[in-house]
2 protein chains.
Amino acid sequence: MMTFQMLCFLFLFSVFILCDANFSVPYISVNTERLIEDLKILGQFSDGDYPGITRLLYSKEDKAARRYLIALFEKSGLSVSWDPVGNIFARWEGSDPRAPAVASGSHFDTLLNAGLYDGTLGVLGALEAVRSLKEVGFEPKKSIEIVAFTSEEVSRFGIGCLGSRYLVGSLTVEELLKLKDSDGVSFENARQSCGYIEKLRESMIAEDYYSAFVELHIEQYHILEDEGVPIGLVTDIAAPSLYTIEWKGPGGHAGSVPSYERQDPFLAASEFALNLEQLVLKDPKNTRATIGRVEVYPGSAGAIPRSVRLSLDIRDINEAARIKVKEQALEKAAAIARKRKVTMETLHNYSYPPAKMDPRIVEVIEDSCRAHNFSYLKLISRPFHDSLFMATKFPTGMIFIPCKEGKSHVPDEYASPEDILRGVEVLAETLARLSYQ
Amino acid sequence: MMTFQMLCFLFLFSVFILCDANFSVPYISVNTERLIEDLKILGQFSDGDYPGITRLLYSKEDKAARRYLIALFEKSGLSVSWDPVGNIFARWEGSDPRAPAVASGSHFDTLLNAGLYDGTLGVLGALEAVRSLKEVGFEPKKSIEIVAFTSEEVSRFGIGCLGSRYLVGSLTVEELLKLKDSDGVSFENARQSCGYIEKLRESMIAEDYYSAFVELHIEQYHILEDEGVPIGLVTDIAAPSLYTIEWKGPGGHAGSVPSYERQDPFLAASEFALNLEQLVLKDPKNTRATIGRVEVYPGSAGAIPRSVRLSLDIRDINEAARIKVKEQALEKAAAIARKRKVTMETLHNYSYPPAKMDPRIVEVIEDSCRAHNFSYLKLISRPFHDSLFMATKFPTGMIFIPCKEGKSHVPDEYASPEDILRGVEVLAETLARLSYQ
């Protein structure tokens, strides 16, 4: 026979269960100093000129950074594992260990001579969120798992989001085995020399392995700074197409060949660059086109160039618009090649579809902002992130914090301790809430 | 008392002495096969992708090439010496060893991924001329000295004709000690690591050390080929100015920064390149302007360039015209920098005055052509050579032979065995004649 007390208990218990979704974590105390110290130490694993940071996939600096991250994760009582490409997982087991985990993370490789925060903030920020939650006695229901993706930047193997793409199955072993860096070192040799000697196999991650993925990142632009808002909630991620264009001519001696006889691929590339600029200026709000890598061969002052190879990166949240710009650009490139009597070859490196963030995750982040009285802004991420690929398999959201003058991929990339504090607080709150959803 | 016989003898002796100037060498038998074999072996001392040849000053390939050349010279009975920068001298002592020697030679370094004949033909061609003269029993009066210049190309230290400039005193020890290659290795360290440990001192060559200098070289253009003429007689050498221009901007993320906010130094460089082309097309017959080296930094597909550094090479036989083009080009470069809000820095690497070849030497080469029934053409050398600097101190002349399609500084640079044969025959004849002048 059920007593009134028992009924009351059941009622209260049910309310507790139903309230899981509104779970709030009081007294989160993020230790920004500790986090920034970790970021700075990680920044020292660099092959670049200080303060610029260069940490390429599977380099000796990357290997050292991996050891450092694993030590940090283990020191915080997380159980660490990795997959064959070196994605690192640090798990905080929840009270319901069989439930799909809540994941958070980002990458820790860099472009050449880049900054301290891009990617690394999402890795060490997730760790700091976990440490803060642990310190206030929070106990997760769903496990919380930090993911340190093996490589997001294109710097070494010319392919972005290598780790996250592998994880979600958008990059096959066959494709990985074809990759070579600019020195001709194969992905497979580089991987093994970094200590990942386990045989490469396709990723086996289950559709429901994660119930959510949340990535904390610097905005890499200056909307938040301009608006004076500390938190950005990403709704969409614009996605890139990358092409490599190469023009070739006969070269020749700088003193001999008169201008009217030259078939100079650098002049073709120059004409293309200026045309591309004009093309993009037609819809500059949405489309981005960048020539970032330019290789001029043989590169002697006394020789007319024989080849110019450049990267063409086009981005948009509207895939059709992106395709249109690409087509117009490549048509123009071919016309310039014909006019200047140089040959042209085009390689399509990759194209990814834009992604939408999961409305439920965005809502939880919003709730977390409100719980901490932080104003926020919904915005589009024009840079892409590991979240672009995580979103193809798992409900995904992104938290942006401002970075100074919007600068990124440069040595003076900077996020203030105050903004970092707020970002990690929102992340911790979000992870805690998602852990009980 | 002088007999009639004695008078006759004295008369004939005087005729012989006076005829020295018209000395002719019968039966020269140039061994083209042996020469081409030597050229091919020398071409194997290369750090480049076959068939391209890369042999940079003081590299291990250069060191090996030096050993090979010295062995060849010694095998032919020449006495070999060198100076502190590694100019190599191989002397065939004449019957009047105190008379100023007749010199012939060229360089044996290369640009990146260059050809088999540029420079090396002048070194090994001079050796073959000496070998041929020895084989027909010729005995020089003035000594004949082969000079293998230490470096003519700008490839390693950004400075042309390093060896010949040092030799004639147009490059001081102070200037040499400032040179660094693109990896930051100093000239002095590179020099010593190549085995030249003797203390650097200014060149001590006397004004009358050489009575003549003659350089055999491929034309590096196609006038001789077009006209079907086997020998070119150089009357003037056009001379270069070299500048380095660098534009810098703030860089930024390829996805974030819209076109209208970018301060992209690569677009500045592109605009400059196209403007330069137009500028030179105003007087394309005489002026040459080339952007051969382009370095884009950081060079990542995902990052807007932060700096672009390029080489600007301008050449003319008219120094005033060259200066005018340079001024207009640099003015335009600065205007583009202002418009695109990038900074600009200009470095003046060098400027040399054009040179005239010595009429007496040209005449001897003409006589030598006639003696062999080879047609010839007088022409301007638009590429510059060690002769540009040798001419500042010694009476100098140059012999050109055709090269296929005028191509040079490329792996498929080619001179036919027949043209090489004729070139070396004229050189041998010329050296022999000059030895008795």
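Student: Helices (H or I, at least four residues) and strands (E, at least two) are DSSP runs, numbered from the N terminus. With that settled, where is Asn373(B) found?

Tutor: Bearing in mind that the model is predicted, Asn373(B) is found in the loop of chain B between helix 11 (359–371) and strand 13 (376–381). Its phi is near 60°, which is a positive value in a residue other than glycine.

Student: Is Asn373(B) buried or exposed?

Tutor: Asn373(B) is exposed, because its relative accessible area is 70% and the cut-off for calling a residue exposed is over 50%.

Student: And what is phi for Lys341(B)?

Tutor: Lys341(B) is a residue other than glycine, and its phi is positive, near 55°. Lys341(B) lies in the loop that runs between helix 10 (319–340) and strand 11 (343–351) of chain B, and with a relative accessible area of 61% it is exposed.

Student: Switching to confidence, what is the mean pLDDT of chain A?

Tutor: The mean pLDDT of chain A is 92, with 94% of its residues reaching 70 or more. Over residues 8–22 of chain A, however, the pLDDT is below 50, and beyond near neighbours in sequence that stretch has seven contacts in the model. For the model as a whole, the scores are ipTM 0.78 and pTM 0.77.

Student: Which residues in chain B lose the most area to chain A?

Tutor: Those are His253(B), Phe266(B) and Ala301(B), which together account for 11% of what the chain B side buries.

Student: OK, helix 2 of chain A: which of its residues are buried?

Tutor: The buried residues of helix 2 of chain A are Thr32(A), Leu35(A), Ile36(A), Asp38(A), Leu39(A), Leu42(A) and Gly43(A). They cover an arc of only 155° around the axis, which puts them on the same side of helix 2 of chain A.

Student: How many residues of strand 14 of chain A are buried?

Tutor: Six of the six residues of strand 14 (residues 396–401) of chain A are buried, and the strand is mostly covered. Thr396(A), Met398(A) and Phe400(A) point one way from strand 14 of chain A, whereas Gly397(A), Ile399(A) and Ile401(A) point the other way. In a regular strand the side chains alternate between the two faces of the sheet.

Student: Which strands do bridges join to strand 14 of chain A?

Tutor: Strand 5 (residues 210–218) of chain A runs parallel to strand 14 of chain A and is joined to it by six bridges, with Val214(A) having Gly397(A) as its bridge partner. Strand 6 (residues 231–237) of chain A runs antiparallel to strand 14 and is joined to it by two bridges, and here Gly232(A) stands opposite Phe400(A).

Student: Back to chain B, what do strand 1 and strand 2 form?

Tutor: Strand 1 and strand 2 of chain B form a hairpin with five residues between them, and Gly86(B) in the turn has a positive phi of about 100°. Strand 1 (residues 79–82) pairs with strand 2 (residues 88–92) in the antiparallel sense over four bridges, and Val80(B) is opposite Ala90(B).

Student: Last one, is the peptide bond from Tyr297(A) to Pro298(A) cis or trans?

Tutor: The Tyr297(A) to Pro298(A) bond is cis, with omega near 5°, and the bond from Tyr297(B) to Pro298(B) is cis with omega near 0°. Pro298(A) is placed in the loop between strand 9 (294–297) and strand 10 (307–316) of chain A.

Key
Residues are numbered from 1 along each chain as its sequence is written. Chains are lettered from A and ligands numbered from 1 in the order in which they are written. This is a predicted model: local features need pLDDT of at least 70, side-chain atom pairs count only at pLDDT 80 or more; totals for chains, interfaces and linings use all residues. Side-chain values use heavy atoms; hydrogens and water are left out. Two strands pair if DSSP finds at least two bridges between them. Buried means under 20% relative accessible area, exposed over 50%, partly exposed in between (1.4 Å probe, protein chains only). The arc is that of the directions from the helix axis to the C-beta atoms. pLDDT is the predictor's confidence in each residue, from 0 to 100. Contact means heavy atoms within 4.5 Å. Buried area is the accessible area (1.4 Å probe) that two parts lose on being put together, summed over both.
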